[in-house]
Amino acid sequence: MALNGIWQNEYGSQMTLSVYSGGLVLGHYASTTGSTGKYCVVGYQLSANPTLKAGQPVALAIEWHSIAGGSGDPSWNWSSGLSGQLSIQNGKESLVLAHAMVASSSFPGLSAAGTYIDKLIYSRVSQSEPEQEVRPSLGVAVADPMAGTWQSVDGSAVLTIQVYPYTGDLFGWVSGNLRMSGVNCQVEGVTDINATSSGLTLQSTAMTAIPNIISGPAIAYAGCLNLRTGVLTLLNLSSVSTAPNATYVETTANQLSFKRVAEDTNVDA
(Lines give C-alpha, C1' and ligand atoms only; values in the text may rest on other atoms or scores of the structure.)
Protein backbone atom coordinates (compact mmCIF):
# COMPACT_ATOMS: atom_id res chain seq x y z
CA MET A 1 0.00 0.00 0.00
CA ALA A 2 2.00 2.91 -1.33
CA LEU A 3 0.77 5.79 0.85
CA ASN A 4 1.31 4.03 4.18
CA GLY A 5 3.81 6.13 6.12
CA ILE A 6 4.76 9.72 6.86
CA TRP A 7 5.05 12.39 4.15
CA GLN A 8 6.50 15.92 4.37
CA ASN A 9 6.07 18.84 1.99
CA GLU A 10 8.32 21.78 1.16
CA TYR A 11 6.79 23.83 4.01
CA GLY A 12 7.70 21.18 6.57
CA SER A 13 4.10 20.04 7.16
CA GLN A 14 3.61 16.29 7.61
CA MET A 15 0.89 13.77 6.80
CA THR A 16 0.72 10.37 8.51
CA LEU A 17 -1.35 8.06 6.31
CA SER A 18 -2.76 4.53 6.45
CA VAL A 19 -4.42 2.65 3.56
CA TYR A 20 -7.36 0.28 3.97
CA SER A 21 -9.42 -1.98 1.72
CA GLY A 22 -10.97 -0.34 -1.29
CA GLY A 23 -8.15 2.20 -1.41
CA LEU A 24 -9.55 4.21 1.51
CA VAL A 25 -6.92 6.48 3.07
CA LEU A 26 -7.13 7.77 6.65
CA GLY A 27 -4.61 9.82 8.56
CA HIS A 28 -3.74 13.08 10.22
CA TYR A 29 -1.94 16.25 9.23
CA ALA A 30 0.45 18.39 11.24
CA SER A 31 0.84 21.85 9.72
CA THR A 32 3.75 24.26 10.11
CA THR A 33 2.02 27.14 8.30
CA GLY A 34 -0.70 29.37 9.74
CA SER A 35 -2.39 27.62 12.65
CA THR A 36 -0.74 24.68 14.38
CA GLY A 37 -2.62 21.55 15.36
CA LYS A 38 -3.56 18.03 14.33
CA TYR A 39 -6.09 17.60 11.55
CA CYS A 40 -8.03 14.67 10.07
CA VAL A 41 -7.27 13.42 6.55
CA VAL A 42 -9.52 11.12 4.49
CA GLY A 43 -9.31 10.07 0.86
CA TYR A 44 -8.62 7.39 -1.72
CA GLN A 45 -5.75 5.99 -3.76
CA LEU A 46 -5.88 3.81 -6.87
CA SER A 47 -4.89 0.18 -6.43
CA ALA A 48 -1.69 -0.01 -8.51
CA ASN A 49 1.48 1.21 -6.84
CA PRO A 50 3.64 3.68 -8.81
CA THR A 51 6.18 2.31 -11.28
CA LEU A 52 8.95 3.85 -13.37
CA LYS A 53 6.38 4.28 -16.14
CA ALA A 54 3.16 5.26 -14.38
CA GLY A 55 2.07 7.13 -11.26
CA GLN A 56 -0.62 6.28 -8.69
CA PRO A 57 -3.50 8.81 -8.51
CA VAL A 58 -4.54 10.06 -5.05
CA ALA A 59 -7.31 12.30 -3.69
CA LEU A 60 -7.43 13.64 -0.12
CA ALA A 61 -9.68 15.87 2.00
CA ILE A 62 -8.62 17.76 5.14
CA GLU A 63 -10.76 19.49 7.78
CA TRP A 64 -8.83 22.32 9.42
CA HIS A 65 -10.52 22.10 12.81
CA SER A 66 -7.80 20.73 15.08
CA ILE A 67 -8.61 17.48 16.87
CA ALA A 68 -5.83 18.16 19.38
CA GLY A 69 -7.51 21.07 21.13
CA GLY A 70 -6.01 24.50 21.53
CA SER A 71 -7.21 28.00 20.71
CA GLY A 72 -9.47 28.25 17.68
CA ASP A 73 -9.23 30.80 14.89
CA PRO A 74 -11.12 31.44 11.61
CA SER A 75 -9.24 28.66 9.79
CA TRP A 76 -10.99 26.06 11.99
CA ASN A 77 -14.00 26.50 9.68
CA TRP A 78 -11.97 25.77 6.55
CA SER A 79 -11.46 22.63 4.45
CA SER A 80 -9.06 21.48 1.72
CA GLY A 81 -9.25 19.15 -1.26
CA LEU A 82 -6.07 17.71 -2.78
CA SER A 83 -5.64 15.58 -5.90
CA GLY A 84 -2.63 14.35 -7.84
CA GLN A 85 -0.42 11.31 -7.98
CA LEU A 86 2.47 9.50 -6.38
CA SER A 87 5.23 8.89 -8.92
CA ILE A 88 8.86 7.84 -9.10
CA GLN A 89 11.04 10.86 -9.83
CA ASN A 90 14.80 10.33 -10.21
CA GLY A 91 14.54 7.08 -8.29
CA LYS A 92 12.56 8.59 -5.39
CA GLU A 93 8.88 8.73 -4.50
CA SER A 94 7.28 12.11 -5.08
CA LEU A 95 3.68 12.89 -4.12
CA VAL A 96 2.55 15.91 -6.17
CA LEU A 97 -0.89 17.29 -5.30
CA ALA A 98 -2.98 20.19 -6.54
CA HIS A 99 -4.36 21.85 -3.41
CA ALA A 100 -7.58 23.85 -3.12
CA MET A 101 -7.88 25.43 0.34
CA VAL A 102 -11.43 26.66 0.98
CA ALA A 103 -11.45 29.68 3.28
CA SER A 104 -15.15 30.05 4.11
CA SER A 105 -14.43 33.16 6.17
CA SER A 106 -11.82 35.87 6.27
CA PHE A 107 -8.80 35.57 8.55
CA PRO A 108 -7.72 39.12 9.52
CA GLY A 109 -4.07 39.67 8.79
CA LEU A 110 -3.82 36.53 6.63
CA SER A 111 -6.45 36.21 3.90
CA ALA A 112 -9.91 37.10 2.68
CA ALA A 113 -12.54 34.42 2.15
CA GLY A 114 -12.04 32.45 -1.06
CA THR A 115 -10.54 29.31 -2.57
CA TYR A 116 -6.75 29.30 -2.65
CA ILE A 117 -4.86 27.14 -5.14
CA ASP A 118 -1.41 25.69 -4.51
CA LYS A 119 0.82 22.84 -5.69
CA LEU A 120 2.29 20.75 -2.88
CA ILE A 121 5.13 18.25 -3.24
CA TYR A 122 5.57 15.60 -0.53
CA SER A 123 8.49 13.27 0.06
CA ARG A 124 8.42 10.17 2.21
CA VAL A 125 10.21 10.62 5.54
CA SER A 126 9.32 7.26 7.07
CA GLN A 127 8.95 3.78 5.57
CA SER A 128 7.53 2.42 8.81
CA GLU A 129 3.86 1.60 9.22
CA PRO A 130 2.06 4.48 10.96
CA GLU A 131 -0.37 3.90 13.78
CA GLN A 132 -3.80 2.88 12.55
CA GLU A 133 -6.21 5.79 12.27
CA VAL A 134 -9.65 5.48 13.79
CA ARG A 135 -12.54 6.06 11.41
CA PRO A 136 -15.37 7.73 13.36
CA SER A 137 -18.47 5.70 14.02
CA LEU A 138 -21.04 6.31 11.30
CA GLY A 139 -23.96 5.02 13.34
CA VAL A 140 -25.81 8.28 13.99
CA ALA A 141 -26.21 10.82 11.21
CA VAL A 142 -27.17 14.41 12.00
CA ALA A 143 -29.57 16.87 10.38
CA ASP A 144 -27.07 19.05 8.54
CA PRO A 145 -27.59 21.40 5.56
CA MET A 146 -25.12 19.28 3.55
CA ALA A 147 -27.10 16.05 4.01
CA GLY A 148 -29.37 14.88 1.20
CA THR A 149 -29.25 14.33 -2.54
CA TRP A 150 -27.65 16.92 -4.80
CA GLN A 151 -27.60 17.12 -8.59
CA SER A 152 -25.18 19.25 -10.55
CA VAL A 153 -26.83 21.99 -12.58
CA ASP A 154 -25.42 20.49 -15.79
CA GLY A 155 -26.80 17.05 -14.84
CA SER A 156 -23.39 15.36 -14.95
CA ALA A 157 -23.23 14.25 -11.30
CA VAL A 158 -25.48 13.29 -8.39
CA LEU A 159 -24.27 13.30 -4.78
CA THR A 160 -26.23 11.49 -2.07
CA ILE A 161 -24.60 12.12 1.28
CA GLN A 162 -25.09 11.95 5.03
CA VAL A 163 -23.16 13.83 7.70
CA TYR A 164 -21.90 12.34 10.96
CA PRO A 165 -20.42 14.33 13.86
CA TYR A 166 -16.76 13.78 14.63
CA THR A 167 -16.04 13.32 18.35
CA GLY A 168 -17.18 16.40 20.26
CA ASP A 169 -18.90 17.84 17.16
CA LEU A 170 -15.56 19.25 16.03
CA PHE A 171 -16.60 18.85 12.40
CA GLY A 172 -18.76 16.69 10.17
CA TRP A 173 -17.72 13.44 8.49
CA VAL A 174 -19.33 13.11 5.05
CA SER A 175 -20.15 9.68 3.65
CA GLY A 176 -22.32 8.72 0.71
CA ASN A 177 -22.47 8.01 -2.99
CA LEU A 178 -21.47 9.73 -6.21
CA ARG A 179 -23.11 8.88 -9.55
CA MET A 180 -21.24 10.22 -12.54
CA SER A 181 -21.26 9.08 -16.19
CA GLY A 182 -23.41 6.10 -15.23
CA VAL A 183 -20.94 4.90 -12.57
CA ASN A 184 -21.63 4.79 -8.82
CA CYS A 185 -18.89 5.04 -6.22
CA GLN A 186 -18.42 5.75 -2.53
CA VAL A 187 -17.75 9.29 -1.28
CA GLU A 188 -15.84 10.15 1.90
CA GLY A 189 -15.03 13.63 3.14
CA VAL A 190 -15.46 16.38 5.71
CA THR A 191 -17.56 19.48 6.29
CA ASP A 192 -17.80 22.36 8.77
CA ILE A 193 -20.91 21.56 10.82
CA ASN A 194 -20.16 24.63 12.97
CA ALA A 195 -20.62 27.19 10.19
CA THR A 196 -24.02 28.41 11.40
CA SER A 197 -23.01 28.61 15.06
CA SER A 198 -19.89 30.52 13.94
CA GLY A 199 -22.09 33.10 12.23
CA LEU A 200 -20.99 32.14 8.69
CA THR A 201 -23.05 32.04 5.51
CA LEU A 202 -20.68 29.57 3.85
CA GLN A 203 -20.19 25.97 5.00
CA SER A 204 -16.91 24.56 3.71
CA THR A 205 -16.56 20.97 2.56
CA ALA A 206 -14.07 18.65 0.87
CA MET A 207 -14.99 15.23 -0.49
CA THR A 208 -13.13 12.45 -2.30
CA ALA A 209 -14.09 9.60 -4.63
CA ILE A 210 -12.64 7.08 -7.08
CA PRO A 211 -15.15 5.87 -9.71
CA ASN A 212 -12.85 2.96 -10.60
CA ILE A 213 -10.10 1.82 -8.21
CA ILE A 214 -8.06 0.46 -11.13
CA SER A 215 -8.38 3.22 -13.72
CA GLY A 216 -9.54 6.20 -11.66
CA PRO A 217 -9.72 9.09 -11.76
CA ALA A 218 -8.98 10.23 -8.19
CA ILE A 219 -11.42 13.05 -7.49
CA ALA A 220 -11.29 15.73 -4.80
CA TYR A 221 -14.21 18.14 -4.49
CA ALA A 222 -13.56 21.34 -2.53
CA GLY A 223 -15.98 24.18 -1.99
CA CYS A 224 -18.83 25.66 0.01
CA LEU A 225 -22.55 25.39 0.56
CA ASN A 226 -24.12 28.83 0.57
CA LEU A 227 -26.50 28.61 3.53
CA ARG A 228 -28.61 31.50 2.22
CA THR A 229 -29.10 30.39 -1.39
CA GLY A 230 -28.82 26.63 -0.91
CA VAL A 231 -26.31 26.34 -3.77
CA LEU A 232 -23.38 23.93 -3.30
CA THR A 233 -20.40 25.07 -5.38
CA LEU A 234 -17.47 22.67 -5.72
CA LEU A 235 -14.13 22.76 -7.50
CA ASN A 236 -13.54 19.34 -9.06
CA LEU A 237 -9.88 18.30 -9.05
CA SER A 238 -9.63 15.07 -11.06
CA SER A 239 -6.33 13.18 -11.44
CA VAL A 240 -5.21 10.33 -13.67
CA SER A 241 -2.03 8.29 -13.93
CA THR A 242 0.71 9.70 -16.15
CA ALA A 243 4.34 8.93 -16.89
CA PRO A 244 6.74 10.51 -14.36
CA ASN A 245 7.85 13.09 -16.95
CA ALA A 246 4.27 14.15 -17.67
CA THR A 247 2.89 15.01 -14.24
CA TYR A 248 2.01 18.49 -15.51
CA VAL A 249 -1.07 16.92 -17.15
CA GLU A 250 -2.10 14.75 -14.18
CA THR A 251 -4.91 16.96 -12.81
CA THR A 252 -7.79 18.77 -14.46
CA ALA A 253 -10.01 21.30 -12.71
CA ASN A 254 -13.58 22.42 -13.32
CA GLN A 255 -16.34 23.92 -11.22
CA LEU A 256 -19.70 22.32 -10.55
CA SER A 257 -22.78 23.86 -8.94
CA PHE A 258 -25.27 21.57 -7.20
CA LYS A 259 -28.87 22.02 -6.13
CA ARG A 260 -30.60 19.81 -3.57
CA VAL A 261 -33.17 17.48 -5.14
CA ALA A 262 -34.10 15.53 -2.01
CA GLU A 263 -33.80 16.00 1.74
CA ASP A 264 -31.94 13.43 3.81
CA THR A 265 -34.47 10.83 4.94
CA ASN A 266 -32.03 8.65 6.88
CA VAL A 267 -31.18 10.91 9.80
CA ASP A 268 -31.52 9.10 13.13
CA ALA A 269 -33.70 10.85 15.68
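**Exercise 1. Determine where D169 lies and whether D169 is buried, partly exposed or exposed.**

Solution. D169 is located in the loop that links β10 (157-165) and β11 (172-180). The structure is a predicted model. Next, consider the backbone: phi of D169 is positive, about 55°, although the residue is not a glycine. Finally, the relative accessibility of D169 is 44%.

**Exercise 2. Carry out the corresponding analysis for N90.**

Solution. N90 belongs to the loop between β6 and β7 (92-103). Its phi is near 55°, a positive value in a residue other than glycine. The relative accessibility of N90 is 82%. Exposed residues have a value over 50%, so N90 counts as exposed.

**Exercise 3. Describe how the barrel is closed and how β5 is joined to β6.**

Solution. Begin with the strand order: eight strands close into a barrel as β1-β2-β3-β4-β5-β6-β7-β8, with antiparallel pairing. From one strand to the next, the twist averages 30°. In general, strands of a sheet pair through backbone hydrogen bonds, in a parallel or an antiparallel manner. Then turn to one pair: strand β5 (residues 56-63) and strand β6 (residues 79-89) run antiparallel and are joined by eight bridges.

**Exercise 4. Identify whether the peptide bond from G216 to P217 is cis or trans, and locate P217.**

Solution. Omega of the bond from G216 to P217 is near 0°, and the bond is cis. P217 itself is found in the loop between β13 (202-209) and β14 (218-226).

Conventions: Residues are numbered from 1 along each chain as its sequence is written. This is a predicted model: local features need pLDDT of at least 70, side-chain atom pairs count only at pLDDT 80 or more; totals for chains, interfaces and linings use all residues. Side-chain values use heavy atoms; hydrogens and water are left out. Two strands pair if DSSP finds at least two bridges between them. Helices (H or I, at least four residues) and strands (E, at least two) are DSSP runs, numbered from the N terminus. Axes are lines fitted to C-alpha atoms, for helices over the stretch in contact, and angles run from 0 to 180 degrees between N-to-C directions. Buried means under 20% relative accessible area, exposed over 50%, partly exposed in between (1.4 Å probe, protein chains only).
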